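Good morning, colleagues. Please turn to the sequence and the structure on the screen.

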Amino acid sequence: MSTTITLVIRRQKPGDSGSFFMEHQVEADGKTVLDALKEMRDTVDPSLAFRAQCKSGICGSCALRVNGSARLACSTFLSAVQIEGRVVLEPLLNFAVEEDLVVQDRPFWKAIEAIKPWLWSDKGYEHEAVVPPQVKNGTDCILCAACYSECEVQAVKPSGYTGPAGFVQAHRFVADKRDHGGKERLKLLETEGLWSCAHSYNCSEVCPKDIDIGGAIADLRSQALAAGLGRNAGGRHVAWFTRGVRRNGKMNEFWTLAGTRGWRIIFDLPTGLAMAIRGKIPWPWGKKAKSSREVRRYFRSKNQ
Amino acid sequence: MSTIRHDIVIIGGGVAGLRAALAARDAGAEVGLLSKVHPIRSASVGAQGGMAAAMNNVQDGDEWKAHYEDTLHSGAGLCDADAVEVLCREGPDAVRELDAAGVLFDRFDDGSVAQRPYGGHSKARCCYSGDKTGHSIVHALYWQCVKKGVHIYPEWYVWELIEEKGTVCGCVALEIRDASVHLVQARAVVLATGGIGQLFSVTSNPFASTGDGIGLARAVGARLRDLEMVQFHPTGLYPRGILITEACRGEGGYLINAENKRFMFDYDPRGDLATRDIVSRGIQTEIDAGRGIQGLPCVGLDVRHLGREEIMKKIPQAAQIAREFANIDLATQILPVSPTAHYFMGGIAISLNGEVYQEGSSQQVIPGLFAAGECSCLSVHGANRLGCNSLLDGAVFGKRAGVSAAAFARGSDQISVPDVRTSIVSEEMHRWTRGTRLDISSGQLRARLQQGMTARTGVFREDQGLRKQQVEIQEIRNQMNSIKYLPRKGRAHQAIERKELLHSLVIAHMMVEGARKRTKSVGAHWRIDS
Ligand SMILES: Cc1cc2nc3c(=O)[nH]c(=O)nc-3n(C[C@H](O)[C@H](O)[C@H](O)COP(=O)(O)OP(=O)(O)OC[C@H]3O[C@@H](n4cnc5c(N)ncnc54)[C@H](O)[C@@H]3O)c2cc1C
Ligand code: SF4
Ligand code: FES
């Protein structure tokens with residue numbers, strides 16, 4: 001038995017700002033999204049642009065949006081994601097599109113680089129070193145940028161925000177006993193948006209490597225607090241955040257931000273307004289949570 | 001179009017290229033690294049099992065000499081003993097350097113780098129990061145390069161090397177993003193372009209493993225060697241060829257056929273831990289005899305007895321691949337596997353310092369050109385590479401190539417090159433977009449090449465099939481003129497796929513020729529008519 005599905009690909013010519021959709025029927029059985037894209041390029045349109053390399057979910061090249069959510073093309077089977085016989089493929093969000101499904105990834109690499117994701121140590125090789133298990137969480141990251149695409153803070157393009165993958169990398173080094181970064185690393189993270197994360201947990205949900213990104217951010221925050229950082233912003237943020245959740249069953253980023261920043265919130269207005277307009281954070285006088293989804297997401301982060 | 005200058009230009013961002021870049025940088029050179037995929041997407045990132053080095057951390061009496069003997073034994077008489085000695089002696093330091101660069105090797109309870117047994121190694125000397133060793137190494141080396149100021153050009157495709165008065169002094173490269181052509185000048189060039197798995201239809205290698213560097217080197221008169229020596233890894237996930245790490249067997253897993261029999265002991269006393277060539281032939285023989293599981297051309301890999309906890313701890317990535325790509329739970333089900341084209345033992349002939357030899361010579365080198373990693377051949381792997389020896393090869397000889405390229409660059413003047421090549425290359429690309437019949441694509445021609453290579457130049461070879469493949473390669477080459485090509489401004493992938501196919505065809509041609517000439521079976525090269 002064979003199943004035919006309609007592949008709908010969002011295409012964009014380089015330099016154009018508009019995009020168009022291309023539709024094509026493919027046999028879906030046993031095929032991944034990448035198989036289908038490759039088949040399209042080889043037999044229908046050789047100009048179709050997408051990235052892929054390892055075809056085994058380890059190199060991180062092939063992330064794109066499949067029916068709206070970020071996934072790896074190579075490990076996503078058409079039959080598993082089709083909705084009424086359709087699979088819509090689009091480039092990642094929060095990036096400028098370079099061509100078709102290829103995004104301009106330079107800002108992503110720059111954002112990761114900003115947290116200096118290398119070992120801070122001048123000791124050289126140490127014969128005895130213990131690797132704490134939580135480091136492994138971060139070393140699983142393949143830098144595919146799926147999380148970056150779904151990040152609600154990233155959506156408003158703030159400057160000085162490393163993004164979910166950056167925090168995951170940072171977490172790995174903070175936990176690495178060989179690393180001497182300590183408080184300096186955490187301070188650097190403060191300038192890279194440690195307190196800006198809006199707790200949507202979208203990142204953790206899409207991560208193809210099942211990395212507990214939210215947990216990593218929460219852990220970094222509590223380490224920063226323990227190191228005496230975040231006095232001005234962070235501590236109050238966490239306090240206001242918790243209060244908001246308890247009262248409304250829902251966090252309200254506005255009051256969290258207001259309580260955290262005090263009168264300085266004036267500086268945050270452009271970002272906040274942009275987020276509110278895009279529906280990323282509630283208006284200050286928002287209703288109580290319709291569902292307890294946010295609350296569940298919040299408590300999923302075991303460390304907070 | 002622009003002109004770029006660096007002391008050293010490294011082509012390739014896998015373990016060998018990154019290690020070479022760091023070494024050259026540490027030696028004070030100013031380094032540019034060009035890679036057709038972002039370095040973090042290189043084949044090296046997929047290396048799972050680990051990296052061998054006689055550190056003797058399990059205190060089983062391991063020393064470089066034992067590693068040396070195992071390597072020579074596996075290489076079946078084709079290894080260069082001096083090169084193997086360097087590889088094995090410098091192994092432990094290579095691990096320490098990587099660790100200091102940030103690589104997170106697993107550690108024993110006493111804090112020392114953990115080591116485990118691996119196929120063909122007489123001692124437990126495989127250092128690893130779970131089953132993501134390559135990932136850990138590539139990420140650490142890449143960020144070290146960034147930190148130390150190596151200029152990285154991600155998604156730049158090297159089109160050709162430039163030679164002036166017999167010296168290599170740069171290359172012409174395409175920026176893939178917009179297909180712009182650039183002249184890159186250097187005092188020394190290091191090739192680290194990886195393997196050739198994409199010559200075969202079933203392979204563990206990524207799309208980029210098309211053998212470009214080998215083609216580039218040949219075009220400037222480099223000597224190539226051992227081109228018939230391709231390693232087929234026994235356990236590729238059927239039918240995709242995705243690598244299932246040997247660690248599955250290292251940790252106690254075994255292979256079974258349709259009769260539920262552990263067949264490997266019929267072929268070798270070491271059973272499932274025999275060298276890769278032997279296990280691949282064992283599997284292929286079972287398949288050819290109709291004893292594949294479920295009537296398919298594959299056998300079963302069984303790790304169920306390890307239990308879920310051990311599986312998740314020791315081989316988590318294999319478990320994830322099985323789940324994602326075959327919908328199989330390793331703790332309760334058997335995994336279908338078959339041999340997959342995995343590693344190229346042959347390549348560009350080099351010296352211990354990474355210098356590239358001239359065609360027909362084992363003394364004269366091409367000034368200014370160096371090579372390291374899978375695209376090169378010393379040979380440390382002979383007719384059959386030992387598992388875990390190739391990351392080591394990349395680390396040890398990548399470093400050596402970087403050091404000697406830096407030394408060469410210090411002693412030489414920058415040869416300035418007239419910028420004629422860039423317009424010739426642009427012209428060549430442009431010509432490809434014109435006057436072509438829209439009836440076949442590079443991808444389709446590559447698929448045809450791959451099917452023929454896997455069928456006739458695979459685990460078993462015979463003269464008749466090889467002859468047929470020679471004809472096939474010629475036919476494919478003739479068809480290249482009708483490749484479908486849709487002119488569109490933007491990314492250069494259409495031109496690149498075509499150029500890659502050209503390189504692959506050149507190598508395939510020589511591989512088949514080499515396989516025909518070598519009438520005796522040795523290591524991974526097996527003639528059923530010998
Ligand atoms: C799935 C898998 C698992 C493996 N497991 C192990 C293991 O456990 N242990 C072990 O020792 N070995 C293992 N190997 C083998 C080992 O990983 C490789 O041999 C080794 O990593 C090759 O490294 P390299 O630096 O030579 O090349 P690669 O990592 O292949 O890098 C090649 C680089 O060259 C660049 N390049 C190529 N052509 C061009 C061009 N024309 N212009 C610009 N750039 C170009 C590419 O972009 C890439 O960056 C494994 C291999 C695979 C595929
Ligand atoms: S954290 Fe997950 S989603 Fe984000 S880049 Fe890493 S692997 Fe991809
Ligand atoms: S192609 Fe490497 S992760 Fe998909």
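I shall speak about a helix, the nonpolar cores and a ligand site.

This is a predicted model, in which local features need pLDDT of at least 70, side-chain atom pairs count only at pLDDT 80 or more, and totals for chains, interfaces and linings use all residues. Residues are numbered from 1 along each chain as its sequence is written, chains are lettered from A and ligands numbered from 1 in the order in which they are written, and side-chain values use heavy atoms, with hydrogens and water left out.

Consider helix H11 of chain B, residues 421–432; helices here are DSSP runs of H or I with at least four residues, and strands are runs of E with at least two, numbered from the N terminus. Which residues of H11(B) are buried? They are Thr422(B), Val425(B), Glu428(B), Met429(B) and Trp432(B), where buried means under 20% relative accessible area (1.4 Å probe, protein chains only). These residues lie on the same side of H11(B), because they cover an arc of only 125° around the axis, taken from the directions from the helix axis to the C-beta atoms. They pack against strands S7, S8 and S9 and helix H14 of chain B, with contact meaning heavy atoms within 4.5 Å.

The largest nonpolar core has 183 residues; such a core joins buried Ala, Val, Leu, Ile, Met, Phe, Trp, Tyr and Cys residues through side-chain atoms within 4.5 Å. Helix H10 of chain B gives the most to this core, nine residues. Apart from it lies another core of 33 residues, including Tyr118(B) and Ile315(B).

Finally, the residues around ligand 2 include Cys141(A), Ala165(A) and Pro208(A), each with a heavy atom within 4 Å of the ligand.

Note on methods
The expected span of a helix is 1.5 Å times one less than its number of residues. Buried means under 20% relative accessible area, exposed over 50%, partly exposed in between (1.4 Å probe, protein chains only).
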